[in-house]
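Hi,

Here is the model we talked about. Please open it next to this email, and then read on for what turned up.

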Amino acid sequence: MSFRAAPLALLVGLLLVFFLLPLYHLGTMSFKTDSDTFASPPVWLFRPVLDHYRHVLGGRFPGFLANSLIVSAGSVLLTMLLGVPAAFSLARARFRGRQALLLAILGTRMLPPISLALPVFLMYLHLGLLDNRLGLILVFLTFNLPLVIWLLKGFFDEVPESLLDAAKIDGCSTFGAFARVAVPYIAPGILACGVLAWIYAWNEFTFTLILGRRDAITATVALASFFDLEKVAWGSIAAASSVTMLPVVCFSLLGRRFLIRGLTGGALKE
Amino acid sequence: MKAFGSASMREGQTYAIMLAPALLALTLLVAMPLVYLIYLSLLEWKLTDPLGKTFVGAANYVRMLRDGDFWHAVRVTVVFIVGSVSLQLAIGLTLVEALASVRRGAAAIRTALLLPMVIPPLVVGLIWRILYDPTAGLANYLLGLVGLSHPWLADYRTALGAVILTDVWEWTPFVLLILVASYAAIPDAVNEAAAVDGATRWERFRFVTLPLIRPMLTTVAILRMIDVIREFAKIFVTTGGGPGTTTETVNMYTYRLGFVYGEVGYAATLGVFMFLTVLVLTVGLVRLERRFAEAR
């Protein structure tokens with residue numbers, strides 16, 4: 001068997017190099033001096049410097065990071081507040097048109113952002129919600145709410161009927177059974193859904209570029225504008241990118257198993 | 001009996017109240033904008049035009065069918081979809097057995113594979129813009145060693161392929177992880193029986209494995225198609241649709257029309273086109289899922 005194991009291990013090794021080397025390249029670039037960055041052949045061993053981080057974190061970038069934080073946290077809160085009860089309702093209630101409604105919610109998740117951004121832009125223009133963090137939090141509901149409803153409905157489906165009936169015999173109302181039995185029962189799922197919704201909000205680009213304009217832009221949109229400068233500051237771009245992706249990387253290390261299910265929009269189960 | 005009826009009615013009311021806020025939000029933020037989008041698509045409305053808007057009926061749709069730039073964008077999108085999805089499936093199918101055979105460190109490898117798809121898509125684009133850069137890029141240095149250094153993103157012949165590769169990097173791990181899961185679901189007995197019958201590895205793949213994982217493959221392919229249609233950040237930051245319009249997908253073209261040229265009416269028409277395309281794909285996806293669920 002071992003004569004076959006070696007090429008397989010080599011294949012897996014190559015795979016990892018292809019997927020991790022670009023990340024490594026970006027990460028190390030953020031610690032390199034400009035002369036090391038442009039050295040050819042590339043230097044693999046270098047003296048790390050913090051200049052780029054000092055430069056990036058000393059400018060306007062922390063403000064954009066704060067925007068990202070406020071908008072993504074607000075989006076998750078609002079999404080869960082609306083989505084958790086709605087998912088429970090869709091899992092338990094039986095009414096005509098339920099299947100069609102579920103399909104419409106899934107369809108909403110798949111919508112191209114640009115199809116919504118155009119009319120929403122004009123609506124926000126009238127409502128004064130352009131360049132406004134609340135405007136972003138609201139529009140992020142269009143992708144996060146369907147995702148959370150769809151995923152959590154799957155979790156609520158798995159709560160045993162007998163458990164909810166027992167709660168009602170003990171005098172709980174329907175809402176009481178939801179809040180005291182069903183929600184604690186699927187708490188890990190709710191937490192994981194929140195993390196996933198947070199990642200989508202943190203990573204969002206299209207809506208923020210179009211509706212954020214100047215002050216309400218988040219870190220991802222600020223990153224894109226680094227190239228507008230006359231001389232491309234590679235080190236700064238690498239440092240700012242690293243800072244922006246760090247929290248996402250940390251979170252995904254925590255919730256790996258669930259992420260695969262979540263990233264497929266709940267259409268498949270692992 | 002009466003008491004029971006009123007209790008279940010109260011239950012129904014509770015469910016309605018729990019569902020209403022979410023539905024209200026989606027009505028205001030999705031349904032209304034979509035209706036507004038359709039209305040906009042019936043107008044001749046340029047933001048730069050002092051005359052404002054005129055109702056023109058289906059004129060924008062006729063314009064779309066005759067617009068060479070639109071058809072070019074459709075072609076770019078189709079090439080992007082075919083190139084990206086087929087590469088991802090091919091790499092996925094080639095590597096899945098190797099990955100599934102890993103015993104030690106399997107969890108660590110899967111976590112590492114998750115990274116390209118969870119980091120912001122814009123950062124994916126940035127990483128590749130750096131890699132492709134003729135002066136600072138690692139990719140070009142490595143390719144230069146074999147005499148292939150080239151301004152990949154600036155040359156109209158290679159730009160689309162270079163952008164497709166960023167998508168392959170971001171999403172092949174997704175395809176791989178799904179494939180590993182569906183391979184794990186195949187009972188060992190099936191493969192053993194085939195081996196006993198003297199099937200070669202290719203025959204086993206073609207006649208045993210492939211039919212079993214085809215539902216999953218189809219689902220993944222449709223999901224990835226929808227994602228490519230919606231793709232924006234990576235193209236925006238690597239080429240911006242250029243050079244010229246060589247990497248301009250329908251999505252990018254719609255953005256240019258709506259938010260660079262201020263052609264609201266016509267951009268809305270393309271928005272409707274994209275919405276309908278994705279709708280058809282989603283309905284297809286759900287139909288498929290249902291059929292497979294019944295077959296199971």
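Buried in helix 11 of chain B are B:Val250, B:Asn251, B:Met252, B:Tyr253, B:Thr254, B:Tyr255, B:Leu257 and B:Gly258. A residue is buried if 20 or more other C-beta atoms lie within 10 Å of its own, exposed if 12 or fewer, and partly exposed in between, with C-beta atoms placed from the backbone. Helices (H or I, at least four residues) and strands (E, at least two) are DSSP runs, numbered from the N terminus.

This is a predicted model: local features need pLDDT of at least 70, side-chain atom pairs count only at pLDDT 80 or more, and totals for chains, interfaces and linings use all residues. Residues are numbered from 1 along each chain as its sequence is written, while chains are lettered from A and ligands numbered from 1 in the order in which they are written.

Back to helix 11 (residues 250-260) of chain B. Eight of its 11 residues are buried, so it is largely enclosed by the rest of the structure. The cover over these buried residues includes helix 6 (113-127) of chain A. From chain B, it includes helix 3 (68-100), helix 9 (201-230), helix 10 (233-238) and helix 12 (264-295). After helix 11 of chain B comes B:Gly262, with a positive phi near 65°.

**Chain B**

Chain B has 12 helices and two strands. Its order along the sequence is α-β-β-α-α-α-α-α-α-α-α-α-α-α. Its radius of gyration, taken over C-alpha atoms, is 24 Å.

An automatic or database domain assignment divides chain B into domain 1 (2-40) and domain 2 (66-295). Four residues of domain 1 and six residues of domain 2 make the contact. Two residues are in contact if their C-beta atoms, placed from the backbone, lie within 7 Å.

**Between the chains**

Here 75 residues of chain B are in contact with 74 residues of chain A. Helix 1 (residues 2-40) of chain B supplies the largest share of chain B's side, 16 residues. That side has 60 nonpolar, 11 polar and four charged residues. Ala, Val, Leu, Ile, Met, Phe, Trp, Tyr, Cys and Pro count as nonpolar, Asp, Glu, Lys and Arg as charged, and the others, Gly among them, as polar.

**The core**

A nonpolar core is a set of buried Ala, Val, Leu, Ile, Met, Phe, Trp, Tyr and Cys residues joined through C-beta atoms within 7 Å. Which residues touch the most other members of the largest one? Out of 155 residues, they are A:Val148, A:Ile149 and A:Leu152. Helix 7 (residues 133-157) of chain A gives the most, 16 residues. Domain 1 and domain 2 of chain B both contribute, so the core lies between them. Leaving out residues up to four places away in sequence, A:Leu152 touches A:Gly83, A:Val84, A:Ala87, A:Gly189, A:Ile190 and A:Cys193.

**Chain A and confidence**

Chain A has 14 helices and zero strands. Of its 270 residues, 46% are buried. pLDDT is the predictor's confidence in each residue, from 0 to 100. Chain A averages 88, and 92% of its residues score at least 70. Residues 266-270 of chain A fall below 50. Where pLDDT is low, the predicted coordinates should not be read in detail.

Best wishes

Technical notes
The radius of gyration is taken over C-alpha atoms; the globule rule is 2.2 Å times the number of residues to the power 0.38.
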